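Visitor: I have a structure to look at and have not seen it before. Can we go through it piece by piece?

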Amino acid sequence: MDERYVIVDADTGVKFTEEQLDERSAVAIVQLRRRGVRTGDTVLICLPVGPDLLVATDAVIAAGGVAYPVPADLPAATLRDRVRASRARVLISDVPHAIRAAEESWVRIVLGVADLGVPRRDDTAGEGDAGHGQGAGRA
């Protein structure tokens with residue numbers, strides 16, 4: 001049976017199946033809850049378009065949070081304004097200016113992709129089994 005890929009990481013070319021994304025989301029849900037994400041929490045997600053964004057969004061929704069995606073390529077001032085206006089308690093991002101913006105806002109929990117339990121590129125073993133990011137936890 002052919003594996004059906006649902007997304008390809010544009011940076012690495014690694015392909016992901018729905019099952020692989022579901023496994024990553026399940027791990028991320030547990031980590032979000034352990035870090036204090038509660039039902040109804042607004043969670044800013046500032047990641048480049050790709051598998052990590054998909055996993056983070058799915059995990060936030062499954063954990064009962066409200067996903068608030070913010071484009072990772074916004075200018076720093078615009079991003080800072082959006083972070084402040086959101087009144088979110090939680091940020092998932094590896095983008096330095098998003099993390100700095102969180103320090104001047106309502107955000108109390110900052111998580112990077114690695115904090116969600118998603119393997120980094122150098123932790124992967126084989127095609128179709130990759131993730132990336134570096135933790136920026138401030139929980």
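Predicted model: local features only at pLDDT ≥ 70, side-chain atom pairs only at ≥ 80, totals over all residues.

Visitor: How do E5 and E6 pair, and over how many bridges?
Guide: E5 and E6, the latter being residues 109-111, pair in the parallel sense. There are 3 bridges between E5 and E6.

Visitor: And E3 with E5, over how many bridges do they pair?
Guide: Over 4 bridges, in the parallel sense. Strand E3 covers residues 42-46.

Visitor: Which residue in E5 is the bridge partner of Cys46?
Guide: That is Ser93.

Visitor: What order do the strands take in the sheet?
Guide: The order is E4-E3-E5-E6. The 4 strands make an open sheet with parallel pairing.

Visitor: Which strands stand at the edges?
Guide: E4, residues 66-69, and E6 stand there. Each has a single partner strand, so one side of each is left without a neighbour in the sheet.

Visitor: By how many degrees are neighbouring strands turned against each other?
Guide: On average by 20 degrees, with direction ignored.

Visitor: Which helix packs on this sheet?
Guide: Helix H4, residues 96-103, packs on the sheet and touches E3, E5 and E6. The direction of H4 makes about 165 degrees with that of E5.

Visitor: Now the whole protein. How many helices and strands are there?
Guide: The protein has 4 helices and 6 strands. Along the sequence the pattern reads β-β-α-β-α-β-α-β-α-β.

Visitor: How many residues does the protein have, and what share count as buried?
Guide: There are 139 residues, and 45% of them count as buried.

Visitor: What share of the contacts comes from residues 24 or more positions apart?
Guide: Such residues account for 58% of the contacts with a separation of 6 or more.

Visitor: On to the helices. At what angle do H1 and H2 pack?
Guide: H1, residues 18-34, and H2, residues 51-62, pack at about 55 degrees, and their axes are 8 Å apart. That angle makes H1 oblique to H2. The crossing of H1 and H2 is right-handed.

Visitor: Which residues meet there?
Guide: From H1 the residues are Leu21, Arg24, Ser25, Ala28, Ile29, Leu32 and Arg33. They meet Pro51, Leu54, Val55, Asp58, Ala59, Val60 and Ala62 of H2.

Visitor: How many residues of each class are in that contact?
Guide: The contact of H1 with H2 has 10 nonpolar, 1 polar and 3 charged residues.

Visitor: What about H3 and H4, at what angle do they pack?
Guide: H3, residues 76-86, packs with H4 at about 45 degrees, and the axes are 9 Å apart. H3 and H4 are therefore oblique to each other. The crossing of H3 and H4 is right-handed.

Visitor: Which residues of H3 and H4 meet?
Guide: Ala76, Leu79, Arg80 and Val83 in H3 meet His97, Ala98, Ala101 and Ala102 in H4. By class, the residues of this contact are 6 nonpolar, 1 polar and 1 charged.

Visitor: Some single residues, then. Is Gln31 buried or exposed?
Guide: Gln31, which lies in helix H1, is buried, with a relative accessible area of 19%. The cut-off for buried is under 20%.

Visitor: What is Gln31 in contact with?
Guide: Leaving aside neighbours within four places in sequence, Gln31 is in contact with Asp115, Leu116 and Gly117.

Visitor: Where is Asp11?
Guide: Asp11 is in the loop between E1, residues 5-8, and E2, residues 15-17. Asp11 is exposed, with a relative accessible area of 60%. The C-alpha atoms of Asp11 and Gly50 are separated by 8.8 Å, while the two residues are 39 apart along the chain.

Visitor: Last one. What phi does Arg87 have?
Guide: Arg87 has a positive phi of about 55 degrees although it is not a glycine. Arg87 lies in the loop between H3 and E5 and counts as exposed, at 52% relative accessibility.

Key. Residues numbered from 1 in each chain as written. Heavy atoms only, no water. Axes fitted to C-alpha atoms, helices over the stretch in contact; angles between N-to-C directions. Helix = DSSP H or I, 4+ residues; strand = E, 2+ residues; numbered from the N terminus. Parallel < 35°, antiparallel > 145°, perpendicular 65-115°, else oblique. Left-handed = near helix turned anticlockwise from the far one by under 90°. Contact = heavy atoms within 4.5 Å. Nonpolar A, V, L, I, M, F, W, Y, C, P; charged D, E, K, R; others polar. Pairing = 2+ DSSP bridges. Buried < 20%, exposed > 50% of the residue type's maximum accessible area, 1.4 Å probe, protein only.
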